[in-house]
Amino acid sequence: MLVAVMLTMLSASSTITPQKLKAYEPIVKVAKTSCNWHKDVEKEGLLWELVRIEIESGVVPDYARGITLAAACRESRGFKRKCGDAGKSCGVFQMRRWAEIRYGINRFDPLQSARAWVHRIGVVTKKARRRCKRRRAFLVANAWVGSGPKGYTCRYSRHWQLLKRWKRK
């Protein structure tokens with residue numbers, strides 16, 4: 001099955017172990033059935049690639065495992081050519097033009113934008129920890145990166161709400 005293929009491919013990486021991938025199996029299974037993914041997602045194995053990027057980043061805590069899948073589902077259903085906000089935000093993670101310039105990425109490449117998105121959350125987490133002492137800093141940073149500053153209020157994102165719903169299934 002696809003999981004066996006991914007385990008074989010990813011076992012060469014030093015940070016990705018079969019145990020880590022196995023921990024993601026339930027959330028990937030629910031994500032596949034709960035989100036109305038774009039037709040290209042399964043063909044390209046995007047969900048497992050997003051998992052790999054999430055694990056390699058070392059940014060995502062265990063309680064938020066699968067947040068990149070929830071973000072990709074919520075933002076674009078995995079459609080790489082999707083543009084929103086009157087054409088300002090594009091790609092799987094709906095990134096703005098400044099992300100292309102700052103990180104040197106192509107917003108329409110789902111893997112490049114996923115790496116930039118997770119990296120940006122890691123950077124913003126420090127600010128969230130300082131400003132929102134009573135909240136989980138990673139989740140606040142996820143909200144800020146996903147929707148812009150909006151006054152940097154200490155809130156959680158809709159990605160987190162979707163992920164919690166998936167985990168209850």
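The largest share of the lining of the largest pocket comes from helix 7, which gives 5 residues. Helices here are DSSP runs of H or I with at least four residues, strands are runs of E with at least two, and both are numbered from the N terminus. The model is a predicted one: local features need pLDDT of at least 70, side-chain atom pairs count only at pLDDT 80 or more, and totals for chains, interfaces and linings use all residues. Residues are numbered from 1 along each chain as its sequence is written, and side-chain values use heavy atoms, with hydrogens and water left out.

The largest pocket has a volume of about 470 Å³. Helix 6 (97–103), helix 7 (110–131) and helix 8 (137–147) are the elements that give two or more residues to its lining. A pocket is an open set of points on a 1 Å grid over the protein atoms alone, where a 1.4 Å probe fits, with protein on both sides within 12 Å along at least five of seven lines; lining residues have an atom within 4 Å of a point. Grid points are joined across faces, edges and corners, and a volume is the space filled by probe spheres set on the points. In total, 22 residues line the largest pocket. Trp 144, Val 145, Gly 146, Ser 147 and Gly 148 lie nearest its centre. The lining divides into 11 nonpolar, 6 polar and 5 charged residues. Nonpolar covers Ala, Val, Leu, Ile, Met, Phe, Trp, Tyr, Cys and Pro; charged covers Asp, Glu, Lys and Arg; the others, Gly among them, count as polar.

The second largest pocket has a volume of about 220 Å³. Its lining holds 10 residues, of which Glu 75, Gly 146, Ser 147, Arg 158 and His 159 lie nearest the centre. Two or more residues come from each of helix 5 (67–76), helix 8 and helix 9 (158–168). Helix 8 gives the most, with 3 residues. By class, the lining of the second largest pocket has 1 nonpolar, 4 polar and 5 charged residues.

The chain as a whole has 9 helices and 2 strands. Along the sequence they follow the pattern α-α-α-α-α-β-β-α-α-α-α. Of the 169 residues, 44% count as buried. Buried means under 20% relative accessible area, exposed means over 50%, and partly exposed lies in between (1.4 Å probe, protein chains only). Contacts are heavy atoms within 4.5 Å. Among contacts between residues at least 6 apart in sequence, 47% join residues at least 24 apart.

Helix 5 is largely enclosed by the rest of the structure, because 8 of its 10 residues are buried. These are Ile 67, Thr 68, Leu 69, Ala 70, Ala 71, Ala 72, Cys 73 and Ser 76. They pack against helix 2 (18–34), helix 4, helix 7, helix 8 and helix 9. Just after helix 5, Arg 77 takes a positive phi of about 60°.

Aromatic pairs were searched for across the whole structure, and 3 were found. Rings of Phe, Tyr and Trp (its six-membered ring) pair if their centres lie within 6.5 Å; planes under 30 degrees apart count as stacked, over 60 as edge-to-face and the rest as tilted. Tyr 63 and Trp 160 form an edge-to-face pair, because their ring centres are 6.1 Å apart and their planes stand at 90°. Tyr 63 lies in the loop between helix 4 (46–57) and helix 5, and Trp 160 in helix 9, so the pair ties together parts that are 97 residues apart in sequence. Tyr 63 is partly exposed at 27% relative accessibility, whereas Trp 160 is buried at 8%. The rings of Trp 98 and Tyr 103 have centres 6.4 Å apart and planes at 50°, so this pair is tilted. Trp 98 is partly exposed, at 41%. Tyr 103 is also partly exposed, at 23%.

The criterion is NZ of Lys or CZ of Arg within 6 Å of the ring centre and within 35 degrees of the ring normal. The charged end of Arg 136 sits over the ring of Tyr 63, 4.0 Å from its centre. That of Arg 81 sits over Phe 108, 4.1 Å from the ring centre.
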